[in-house]
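Dear colleague,

Could you read the notes with the structure open beside them?

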Amino acid sequence: MYICLCNNVNDTQIRGAVAQGASSLDDLRDVLGVASQCGQCACMAEEVLACEQQRLGLFYNAGRQGHRAGQPRDMVAATALA
Ligand code: FES
């Protein structure tokens with residue numbers, strides 16, 4: 001599913017970037033160009049980022065204000081919690 005239409009970035013690419021260490025929207029912007037133009041994809045990109053980090057057992061770093069309750073604001077570790 002396409003997430004960022006301006007840059008032709010899909011959820012698989014975002015998941016791959018997370019697996020490679022991307023931990024914030026800023027990281028996704030740097031690596032894939034997500035949210036670097038119109039910005040309409042930012043929320044969805046963060047959703048995919050959070051889901052993939054959760055799936056991989058990583059803490060979620062919202063990277064900007066407005067993170068959801070129950071999710072740590074700051075990146076604590078880029079390693080699995082187990
Ligand atoms: S849809 Fe991602 S920057 Fe426009």
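The model is predicted. The protein chain holds 3 helices and 2 strands, and their order from the N terminus is β-β-α-α-α. Of the 82 residues in the protein chain, 27% are buried. Taking the contacts between residues at least 6 apart in sequence, 45% join residues at least 24 apart.

Helix H2

H2 covers residues 25-32, and Leu25, Leu28 and Leu32 are buried in it. Viewed down the axis of H2, these buried residues fall within an arc of 55 degrees, so they line one face of the helix. What do the buried residues of H2 pack against? Their partners are strand E2 (9-10), helix H1 (11-19) and helix H3 (42-56). Just after H2 comes Gly33, with a positive phi of about 85 degrees.

H1 against H2

The axes of H1 and H2 are 10 Å apart, and the two helices pack at an angle of about 110 degrees. Since angles of 65 to 115 degrees count as roughly perpendicular, H1 is placed roughly perpendicular to H2. On the H1 side the contact involves Gln13, Ile14 and Ala17, which meet Leu28, Val31 and Leu32 in H2. By class, this contact of H1 with H2 has 5 nonpolar residues, 1 polar residue and no charged residues. Leu28 and Leu32, listed here on the H2 side, are also among the buried residues of H2.

H1 against H3

The axes of H1 and H3 come within 9 Å and cross at roughly 50 degrees. H1 and H3 are therefore oblique to each other, and their crossing is right-handed. From H1, the residues Asp11, Ile14, Arg15, Val18 and Ala19 take part; they meet Ala45, Val48, Leu49, Glu52, Gln53 and Leu56 in H3. How do the residues of this contact of H1 with H3 divide by class? There are 7 nonpolar, 1 polar and 3 charged residues in it.

Ala19 and Glu52 are 33 residues apart in sequence, while their C-alpha atoms are 8.1 Å apart in space. Is Ala19 buried, exposed or partly exposed? With 13 C-beta neighbours inside 10 Å, Ala19 counts as partly exposed.

Positive phi outside glycine

Two residues need a separate note here. Asn8 has a phi near 55 degrees, a positive value in a residue other than glycine. Asn8 lies in the loop between strand E1 (2-4) and E2, and it counts as exposed, with 11 C-beta neighbours inside 10 Å.

Ala35 is not a glycine either, yet its phi is positive, at about 60 degrees. Ala35 belongs to the loop between H2 and H3. With 23 other C-beta atoms within 10 Å, Ala35 is buried, whereas Asn8 is exposed.

Regards

Definitions and conventions: Residues are numbered from 1 along each chain as its sequence is written. This is a predicted model: local features need pLDDT of at least 70, side-chain atom pairs count only at pLDDT 80 or more; totals for chains, interfaces and linings use all residues. Helices (H or I, at least four residues) and strands (E, at least two) are DSSP runs, numbered from the N terminus. A residue is buried if 20 or more other C-beta atoms lie within 10 Å of its own, exposed if 12 or fewer, and partly exposed in between; C-beta atoms are placed from the backbone. Two residues are in contact if their C-beta atoms, placed from the backbone, lie within 7 Å. The arc is that of the directions from the helix axis to the C-beta atoms. Axes are lines fitted to C-alpha atoms, for helices over the stretch in contact, and angles run from 0 to 180 degrees between N-to-C directions. Angles under 35 degrees count as roughly parallel, over 145 as roughly antiparallel, 65 to 115 as roughly perpendicular and the rest as oblique. A crossing is left-handed if the near helix is turned anticlockwise from the far one by less than a right angle, and right-handed if clockwise. Ala, Val, Leu, Ile, Met, Phe, Trp, Tyr, Cys and Pro count as nonpolar, Asp, Glu, Lys and Arg as charged, and the others, Gly among them, as polar.
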